[in-house]
Amino acid sequence: MIYEILILIIPLIAMGFYKNIKITSIIAAIIEMFLLIPLYFNLSDSGFFFIDHITYIFILMVSSIYLMSLIYSRKYIHNVKNKGISENVYYMLMGFFYVAMEFALMVNNYGFMWVGIETTTISSALLLITEKSDISLEATWRYIIIVSAGVTFAFISVILIYYAFGTLTVTVILSKGIKDSLAVRLAVGIALVGFGTKVGVFPVHTWLPDAHSEAPAPVSAMFSGVLLPVALYVLYRIYEIYPMREVFVWAGTISVLFAAIFLGYQKNYKRMFAYSTMENMNIALIGLSTFTFAGLVGSLLLLLSHSFGKAGAFYSSGNVYEMSGTKSIDGVGGLIRNKASAASMLLSSFAVTGTPPFGTFFGEFLILYSVLSIHFYAQFGIIVLSLFLAFVSINFNVSKMLFRGKSEYSQSGINTAIPLIAAIISVFIGIVFLVVYHEIL
Amino acid sequence: MNIVFTVIYLLAALIVVTGFYIQSNKYLRSMVMTQAFQSFLIALIAILLGIELKQYTFFILAVLVILLRSFLVTYFLAAKIPKNKNYLYESKLPTTYYLLVDLAFIVVSIFIVYSISFIHIVSRIFPESNIILFPMLLFFQGLFIIASRRRTIAQILGYIEEENSLILMGTFILPVPIIIESSVFLDVLILVVIFSIISIEKTEHKPVEELRG
Amino acid sequence: MLELILETLSQYLFVVLFSPLLIGIFEKFKANVESRRGPSIFQPYYDIFKLLKKETVITENSSRLFLYAPYMAFGIYSLIALIIPVFMTKPIIFTASGDFFAGAILFSLAAFIKIIGTMDSGSNFSSMGASRLMSFNFFSEGTLITVFFAVALISGTNNPYTTNHYLISHPLSNLSLVHIFAVFAFFMIFMYEFGKMPTQSEGNQEMGMIDSGIDYEYSGKALAVNKWSSYMKVYLLGSVLINVFLIPWGMFNTFPLFFLNAIVMFGKWIFLIIIVLIVDTSLAKLRLFKVIDYLAVAFTFSILFLILTEVIA
């Protein structure tokens, strides 16, 4: 109990030192990382907080990406020319954003989970106008209105859960076992559309590329690395009440297919990575929806590895944007001359497309295995095809950026270490996870 | 079927009518004020229920609705209506178009969503009635406003209407704990504040070339 | 049998003879409200008699359709007068020939015949009026039909007489949501068909001419018949509004007593005229292009609450 409260409160205390928030928030984030160790030995399965091993992996993801984003922000945000919000406000909103995500993960109540998800929207909305332009204002507004409307829809699901069970406590509801009634089925189905808006399920994903491409790089990394997984976690907790396999797997499959198609004609590398996030999230959704152990392990592995890889990808995109001043793929070339940026870009692009040594590959492999094990052959075919398409389009575009042209970029004043670290962690964390998952799950 | 129920039923229908009024209206100020009136009607329903069922949470709900929706949100929004006369109007399309497309949208959605599934959800407050239909109607109206309007303030009105419908639905099906419900209000309030920050520079939303595909 | 014939005749004659008087009363009342003396309440009769005595002039290009259309329309309105409860509240001879739905369709048919008749004259003014009328009727007739459906759904039948009885015996149905909104939509349509504010359809200015455009090329007997059938249309719609929707009570249907219905209907109509008068004198006229919005609102209400009945019931 005490560790959860500490995790929620320390970033808020750090905000108290508003003048020095740049430093205090990083200190707070480091303390949070250390708090995760005692938290692991004090998991809670009743009361106000509900943390099992699955939740713990998500919390680990959120904390580490938050820390990396903060460190990366120090230089990046400082260099932004036309700021929509001041630097201190930026760090404060990041803190709120982080706390909202941790809250949504840890609470033992579907209603508060909804509150947490809604709070992430509100606290992160203004982060999008850090690099202020007419387009980023438009993207912010789309993000707010589409995601809020979608998450509002999910509130119906909360009402229906309360209607069906008379309580909103997650542990109580899950301990009752699978209950089949119309209200429950409706609740789960509506949650797919409602929280699915935030996860990036196909027809309601439209905010995702806009927000990711216009947000500053550390915020994009937070969005795609952890915000979407958090929404997916909440969706999974609701899915556990009554697993509607067919519906969820099909929704995920179609989303993956469309993400792969959209990836084919992207001209903006940040949008390209945004669609890649959509693809990975939906594969994870499929893995969780198969409701098998292999699927679960695969999804967690994919999410964990992807969050670092995608954070690396967005940090490198941020560097490329800072160096070249354009977000267009064709506008960038000859990146190979800048060794550190090129390496991080290439590694993270391999990481998010599921190239063998990375954790994402093993995750996708396990998920595909679990799809086959429940005899969903049509879906299997579509997913494999989409994965292939996505792999080709992303790596083709990235190699264009790296090897074509002879542009020279200056790397001065740019944080090249963090993207590389994030990409390298992505390699190891998959292997580490595969070794220890028997212990921690 | 007692008299309180009949009154609530009629009030719920009136709320749907206000939704249509917002939909067909072209003047921003009048839209904002109708929103305040709509929220007031919801508060009225909550008070009536509170008296009928003798539950104090409904009174809290009513006070919250009136305080936050009818006054604060309305105040923020009304302050943000552009003073320039050209921007007073929301749209130049004919009312008939909005009414008919809205009608078609609602009828189709209700037939799909309501009559297939929600008709089996029995209201705990009013068993043996189909009062859940009204919040559903309002919900789809809110969605349609968001989809059909371009001005920021009109879209946020659609969103508020949607949240209003949720409160109404929660009230009718089974009131969820007040602490969760009240977060719905704060949510809108903060959103309106964010809106007022953004709307300083951007009051209209059109397809943008950079955000395609 | 004799009784039945007597009832039928009295209903028909009442409709035909009483309808111009209502317009006269309305005009007189309106003049009084506007502090004028106004014409006599029998002025519509004088107009009709005067026109009947005059000769009919026909344009060169017109066919016989132009000449016969007013009579056909008059005949159709006469048929409607026999199948809906506008005077008697029990079935009479021709009642079996149609129901509510048939009534609504017949209204449309009459409007259609009037329009093709007037189009036949080839006059620009007439075709302008006709095209306006057609674009508005698109909504008004749709509303009329859906409103009748809504009532049919409340009472479980589309026989107007049964509906009338049902509403008399179930007073609470009059307070049901569907009924209230059906009344609202129907009243809007009635105001439109009556041609009063906010959608004034009479008038000599070009922009306001909707109904007048139809009569533009007619003269003499044909014009008289045309006007008379317009009066009948108003009476029929108004009586449906009164007898089926607003105040279904107070009608007699036994043999000697039913003559009292004349007085009852007169009283009810005075009540309706006062309502119309209040609306008419307190509202400003809508622009011509706004009329369609007005009708769209009525249509929206009728459809929406038709759906509500379907879903709720």
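Tutor: In this predicted model, a residue is called buried when its relative accessible area is under 20%, and exposed when that area is over 50%.

Student: Is C:Thr118 buried or exposed?
Tutor: C:Thr118 is placed in helix H4 (residues 100-119) of chain C. Its relative accessibility is 0%. Because buried means under 20% relative accessible area, C:Thr118 counts as buried.

Student: Which residues does C:Thr118 touch, not counting residues up to four places away in sequence?
Tutor: C:Thr118 belongs to helix H4 of chain C. With residues up to four places away in sequence not counted, its contacts are C:Ser126, C:Ala130, C:Gly213, C:Ile214 and C:Tyr218.

Student: Where is C:Ser35 found, and is it buried or exposed?
Tutor: C:Ser35 has a positive phi of about 60 degrees, although it is not a glycine. It is found in the loop between helix H1 (2-33) and helix H2 (43-53) of chain C. With a relative accessible area of 68%, C:Ser35 is exposed.

Student: Where is the place of A:Phe291, and what is its relative accessible area?
Tutor: A:Phe291 is not a glycine, yet it has a positive phi of about 60 degrees. Its place is in the loop between helix H12 (269-290) and helix H13 (293-324) of chain A. A:Phe291 is partly exposed, and its relative accessible area is 33%.

Student: Which residues does A:Met15 touch, not counting residues up to four places away in sequence?
Tutor: A:Met15 is found in helix H1 (residues 2-16) of chain A. The residue is buried, with a relative accessible area of 11%. Leaving out residues up to four places away in sequence, A:Met15 touches A:Ile21, A:Met92, A:Gly95 and A:Phe96.

Student: How are H4(A) and H10(A) oriented to each other, parallel or antiparallel?
Tutor: The axes of helix H4 (residues 87-106) and helix H10 (residues 217-239) of chain A come within 10 Å and cross at roughly 20 degrees. The crossing is left-handed. Angles under 35 degrees count as roughly parallel, and H4(A) and H10(A) are therefore roughly parallel to each other.

Student: What is the orientation of H3(B) to H6(B)?
Tutor: In chain B, the axes of helix H3 (residues 56-79) and helix H6 (residues 152-173) come within 13 Å and cross at roughly 175 degrees. Since angles over 145 degrees count as roughly antiparallel, H3(B) is roughly antiparallel to H6(B).

Student: How do the residues of the contact of H3(B) with H6(B) divide by class?
Tutor: B:Arg69 and B:Leu77 are among the residues contributed by H3(B), while B:Glu163 and B:Asn164 are among those from H6(B). The residues of the contact divide into nine nonpolar, two polar and two charged.

Student: What is the orientation of H1(B) to H4(B)?
Tutor: The axes of helix H1 (residues 3-24) and helix H4 (residues 95-114) of chain B come within 9 Å and cross at roughly 135 degrees. H1(B) passes H4(B) in a right-handed crossing. The angle of roughly 135 degrees makes H1(B) oblique to H4(B).

Student: How many residues apart in sequence are the parts that the pair of B:Phe105 and B:Phe140 ties together?
Tutor: B:Phe105 and B:Phe140 form an edge-to-face aromatic pair, 6.3 Å centre to centre with 75 degrees between the planes. B:Phe105 lies in helix H4 and B:Phe140 in helix H5 (residues 133-148) of chain B, so the pair ties together parts that are 35 residues apart in sequence.

Student: Which two chains share the most contacts?
Tutor: No contact joins chain A and chain C, whose closest C-alpha atoms lie 19 Å apart. Of the two pairs of chains in contact, the one that shares the most contacts is chains A and B.

How values were computed
Residues numbered from 1 in each chain as written. Chains lettered and ligands numbered in written order. Predicted model: local features only at pLDDT ≥ 70, side-chain atom pairs only at ≥ 80, totals over all residues. Heavy atoms only, no water. Axes fitted to C-alpha atoms, helices over the stretch in contact; angles between N-to-C directions. Helix = DSSP H or I, 4+ residues; strand = E, 2+ residues; numbered from the N terminus. Parallel < 35°, antiparallel > 145°, perpendicular 65-115°, else oblique. Left-handed = near helix turned anticlockwise from the far one by under 90°. Phe/Tyr/Trp six-rings, centres within 6.5 Å; stacked < 30°, edge-to-face > 60°. Buried < 20%, exposed > 50% of the residue type's maximum accessible area, 1.4 Å probe, protein only. Contact = heavy atoms within 4.5 Å. Nonpolar A, V, L, I, M, F, W, Y, C, P; charged D, E, K, R; others polar.
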